Amino acid sequence: QLQLVESGGASVQPGGSLRLSCAVSGASGFTLDDYTIAWFRQAPGKPREGVSCIGMNGANPHVVDAVKGRFTISRDNSKNTVYLQMNSLKPEDTAVYYCAVDSPPPKYYYCSAYLVHDDMPYWGEGTLVTVSS
């Protein structure tokens, strides 16, 4: 069983930046290297949507068009942690942000498919990002 804990959510003004972290833990000896990881978000009154993902060992990182050029996903396998750097934040980025993980082997060749199908098996509890002046 995996545990995912997001952090870094806060209230910021438009144009600001935040870095979200997702720490993943598991059984003794667990390493994140071979896991596919994604970030999703859910704004008030809206369905959850995929934001970004990264494959095993950093392969095929992807961000959706709505955040392209502003958000960057990265992973530090030595810390079993995934990050989402968010720059030039807009009010429409306001949402609860969730990280999610799929264990190997990945269900899809490209991690972007997870953002569409929204079928990651392991989820964190989310961290709130509010962008407002």
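**Close-up views of a predicted model**

View 1. Arg 48 lies over the face of Trp 123, at 3.8 Å from the ring centre, a charge being counted over a ring if NZ of Lys or CZ of Arg is within 6 Å of the ring centre and within 35 degrees of the ring normal. Arg 48 also lies over the face of Phe 40, here at 5.9 Å from the ring centre. Phe 40, Tyr 98 and Trp 123 form one aromatic cluster. This is a predicted model, in which local features need pLDDT of at least 70 and side-chain atom pairs count only at pLDDT 80 or more, whereas totals for chains, interfaces and linings use all residues. Residues are numbered from 1 along each chain as its sequence is written, and side-chain values use heavy atoms, with hydrogens and water left out.

**View 2. Aromatic pairs.** A search of the whole structure finds 5 aromatic pairs, where rings of Phe, Tyr and Trp (its six-membered ring) pair if their centres lie within 6.5 Å, and planes under 30 degrees apart count as stacked, over 60 as edge-to-face and the rest as tilted. The ring centres of Phe 30 and Tyr 35 are 5.2 Å apart and their planes stand at 65 degrees, so this pair is edge-to-face. Tyr 108 and Tyr 114 form another edge-to-face pair, with 4.8 Å centre to centre and 80 degrees between the planes. Phe 30 and Tyr 35 are buried, as are Tyr 108 and Tyr 114 (buried means under 20% relative accessible area, exposed over 50% and partly exposed in between, with a 1.4 Å probe and protein chains only).

**View 3. Leu 84 in the largest nonpolar core.** Of the 29 residues in this core, Trp 39, Phe 71, Leu 84, Met 86 and Tyr 97 touch the most other members; a nonpolar core is a set of buried Ala, Val, Leu, Ile, Met, Phe, Trp, Tyr and Cys residues joined through side-chain atoms within 4.5 Å. Leaving aside neighbours within four places in sequence, Leu 84 is in contact (heavy atoms within 4.5 Å) with residues including Leu 20, Trp 39, Val 51, Phe 71 and Tyr 97. Leu 20 stands opposite Leu 84 in strand 8.

**View 4. Tyr 109 in its loop.** Tyr 109 is placed in the loop between strand 9 (95-102) and helix 1 (112-117); helices (H or I, at least four residues) and strands (E, at least two) are DSSP runs, numbered from the N terminus. Tyr 109 is exposed, with a relative accessible area of 69%. The C-alpha atoms of Tyr 109 and Asn 60, 49 residues apart along the chain, are separated by 9.2 Å.

Technical notes: Pairing = 2+ DSSP bridges.
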